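Student: I have a new structure to look at, and I'd like to learn how to read it piece by piece. Could you walk me through it?

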Amino acid sequence: MYTREIKAAPDKLIVNGKPVFGTFGKHPYRLDIRGVKNPFGIMPVPTIITNLKIKSKIRFTFSMDDFEGFIIIFNLKIFGLVEVCLWNKKTNQKYNYRTITGPKTRFIPHNLEKASSSVLIRRRFLKISWDRPKNYFHVFFTMHGGRTVRPTISGSINMNFSDPSCCELTNVCPSPVMSRCSATYSLASTVDCKLSLNSRNKNEKPVIYQSTGTALFEMNRTYVKFHHTGEYVTACGEVDGKPLIFCISSTSQDAVNTDLYNSNVLFYNGSVTPLSPAVITHPFGVREKWIIQDTENMIDLTFTPRSDNITNANLLVLRTETHAIYGTFEGTLMTSCGEKISFKNLPGLSRKYLIRL
């Protein structure tokens, strides 16, 4: 059976200009990969310049009784992108809100002990903050519908680091060669969620949804190439009354030796399992059934799309094309203890993207 060693987290991810590769069971104090010497192997270049090639993002995926959704904060140095997207599980109705920001060097923090990331533009506000000494992780957002028919949505999501279901994993992988790296921190837990939908009709009262749920917080920093493509699938939910959260990806930034270095992970009932590398295919098109499998019998899934959210952007030197798809998973996953987890109709999300600089 596939196994990947889980090590103790190092104090620093970059030592003497070289990345510390591996899978770590706890978090480092800072998720910081600046200072790699000559990461692109062409000629000696000052790190103050190569650091500009580091792109960072926060991805927060959550699931509650009535809604499935994600929040993405993406920092490309020259500009930032914030996106909040929700799907109603019963009706498949989609609510999508995007905000583009100007240049920000401190858009996404490095500190994993105590920090926050926030944006306020055109009556849209988002803040993700955490404080381990005070035992809280908090997400709050208000997205105004603007001149469209979309409602104004407010949300509050809370988790505690002391929750028995709370677990974490850090992966530092070559990206894709050993001279540069990609660092991903993942945190999964049960959460308390509250959403409020305010119609444009002032005579209608806000509709409030409140329930417990599950969530996955991910922070990533990568030395990116000019042309970057990728696919990933993720789900947050419960199987047999136990919280189950997983994230599986396949990108052009993956290491050459994905058996040794990858960021696929399964969180189940308060324990964490580093998953084997998987192949993600959709032989009948992006909007038809996806197949996710590995060669180690740990991953055997199908994903059936229900609603596709397409985002295209062309901004001078940048072009992006993204499919964010809501749907359901069916299949099996295996934990590091050999326990097989089977499920049907598990709500989740997939994403296929292209970024060209």
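Student: Is Phe62 buried or exposed?

Tutor: To judge that, look at the relative accessible area, where under 20% means buried. Phe62 has a relative accessibility of 0%, so it counts as buried.

Student: Which residues does Phe62 touch, leaving aside those up to four places away in sequence?

Tutor: The list is Phe67, Glu68, Gly69, Phe70, Leu86, Ile157, Thr214 and Ala215. Phe62 also belongs to an aromatic cluster, together with Phe60, Trp130, Phe137, Phe161, Tyr185 and Phe217.

Student: How many aromatic pairs does the structure hold?

Tutor: There are 18. One of them is Trp130 with Phe137, a stacked pair with 5.9 Å from centre to centre and 10° between the planes. Both Trp130 and Phe137 are buried.

Student: What about Trp290 and Phe303: how are their rings arranged?

Tutor: For a pair like this, check the angle between the planes: over 60 degrees counts as edge-to-face. Here the planes stand at 80° and the centres are 6.1 Å apart, so Trp290 and Phe303 are edge-to-face.

Student: And which strands do Trp290 and Phe303 lie in?

Tutor: Trp290 is in strand β21 (residues 290-293), while Phe303 is in strand β22 (residues 299-315), so the pair ties together parts that are 13 residues apart in sequence. Trp290 counts as buried because its relative accessibility is 0%, and Phe303 is buried at 0% as well.

Student: Which side chains make polar contacts with the side chain of Glu83?

Tutor: One is the side chain of Asn96, at 2.8 Å. Another is that of Asn309, at 3.2 Å. Setting aside residues up to four places away in sequence, Glu83 touches several others, including Phe70, Tyr97, Thr311 and Arg351.

Student: Next, cysteines. How many disulfides are there?

Tutor: The general idea is that a disulfide is a covalent bond between the sulfur atoms of two cysteines. To count one, you want two cysteine sulfur atoms within 2.5 Å. In this structure the count is zero. Take Cys173: its nearest cysteine sulfur belongs to Cys181 and is 9.2 Å away, and Cys173 is in no disulfide. Cys193 is in no disulfide either, and the nearest cysteine sulfur, that of Cys236, lies 9.8 Å off.

Student: Are Cys173 and Cys193 buried or exposed?

Tutor: Cys173 is buried, with a relative accessible area of 9%. Cys193 is buried too, at 3% relative accessibility.

Student: Last one: what is the mean pLDDT of the protein chain?

Tutor: As a rule, where pLDDT is low, the predicted coordinates should not be read in detail. For this protein chain the mean is 91, and 97% of the residues reach 70 or more.

How values were computed
Residues numbered from 1 in each chain as written. Heavy atoms only, no water. Buried < 20%, exposed > 50% of the residue type's maximum accessible area, 1.4 Å probe, protein only. Phe/Tyr/Trp six-rings, centres within 6.5 Å; stacked < 30°, edge-to-face > 60°. Helix = DSSP H or I, 4+ residues; strand = E, 2+ residues; numbered from the N terminus. Contact = heavy atoms within 4.5 Å. Polar contact = N/O pair within 3.5 Å; in protein donor to acceptor, adjacent residues only side chain to side chain. pLDDT = per-residue confidence, 0-100.
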